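I opened this model to look up its charged pairs and its strand pairing. My entries are below.

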Amino acid sequence: MRIKIDFYVNENFKFNKNLNEAMTAFIYRCISLSDKRYGAMLHDKGYRQCGYKKFVYHVYSLSQNGSCVKDTLNRGMATLILSSALDKTIIHFTRGLIRIGKVQLLSHTFDIISIKNIDEPKYTNSMMAKIKSPIFLQDVNHRYLKPGNMEDKLVNNLLEKYYSMYEKFPENMELKIKFMSYIRQYVKYKRNVYKGYIGIIAMQGSRELIKIAYQSGLGSKNGIGFGLIEKV
């Protein structure tokens, strides 16, 4: 399930903090307003069928004029896209958002122009997608991976995510992921700076894994705004 929220910025704002941090906090606040226990579970524990890894099954992007927002919002329309493999996450977020009535980022509030449901694509065994928020992944030594080195690991990550959700593996476990083009992009979140990549990515193979990639993101740190893709 995926929704798009357009909101209006009435003047230029330069924030001291990265906006991913502020938007992540706002998303959890909205969810918790609708269901406090569910919001706390997602934020604090998530789903942990795969050892130390925590999956929340949602991903988002914050953009203006088609580009990811970092620490500046300019006057005009801005867009939040929130996607999740768990419908209840989107439902609780939307209920909380409607109760608040505005988008709130740090000490600033912005008028909501529209809230729209985005129809899911027809899932097949292949998808070409635009990366709307940077994909990043690290190896076991916490070294950032470049696109050519992360493609197989992205598949493994999806298999772990799928197993964590369904407690089984998909019937077809084969998937090939290929970066067709990419640009490096740095995103600061709290005290960390993450090195990710945006561009165009192609997937071919398991329809189930393609679906969970679209719904809940590719790579790591999806819940704080990394790895949202859009079919092209």
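These notes cover salt bridges and then strands.

**Ground rules.** I am working from a predicted model, where local features need pLDDT of at least 70, side-chain atom pairs count only at pLDDT 80 or more, and totals for chains, interfaces and linings use all residues. I number residues from 1 along each chain as its sequence is written, and side-chain values use heavy atoms, with hydrogens and water left out.

**Entry 1: salt bridges.** I first recalled that side chains of opposite charge can pair when their charged atoms come close. I took a salt bridge as a side-chain nitrogen of Lys or Arg within 4 Å of a carboxyl oxygen of Asp or Glu. How many salt bridges does a search of the whole structure find? I got three.

**Entry 2: Lys 14 and Asp 71.** I found a salt bridge between these two, with 3.0 Å separating the closest N and O atoms. Lys 14 sits in strand 2 (residues 13-14), while Asp 71 is in the loop between strand 4 (67-68) and strand 5 (72-73), so the pair ties together parts 57 residues apart in sequence. Helices (H or I, at least four residues) and strands (E, at least two) are DSSP runs, numbered from the N terminus. I then checked accessibility: buried means under 20% relative accessible area, exposed over 50%, and partly exposed in between (1.4 Å probe, protein chains only). Lys 14 is exposed at 62%. Asp 71 is partly exposed at 26%.

**Entry 3: Lys 102 and Asp 111.** I read 2.3 Å, N to O, for the salt bridge between these side chains. Lys 102 is partly exposed, at 31% relative accessibility. Asp 111 is also partly exposed, at 42%.

**Entry 4: Asp 139 and Arg 143.** Their side chains form a salt bridge at 2.9 Å, N to O. Is Asp 139 buried or exposed? I found Asp 139 buried, at 17% relative accessibility. Arg 143 is exposed, with a relative accessible area of 51%.

**Entry 5: strand 11 and its partners.** I counted two strands as paired if DSSP finds at least two bridges between them. Strand 9 (residues 126-131) runs antiparallel to strand 11 (residues 192-205), and five bridges join them. Ala 129 stands opposite Ile 201 of strand 11. Strand 10 (residues 175-189) is also antiparallel to strand 11, with 14 bridges between them.

**Entry 6: the hairpin.** I followed strand 10 into strand 11 and found a hairpin with two residues between the strands. Tyr 189 has Asn 192 in strand 11 as its bridge partner. Lys 190 takes a positive phi near 55° in this hairpin.
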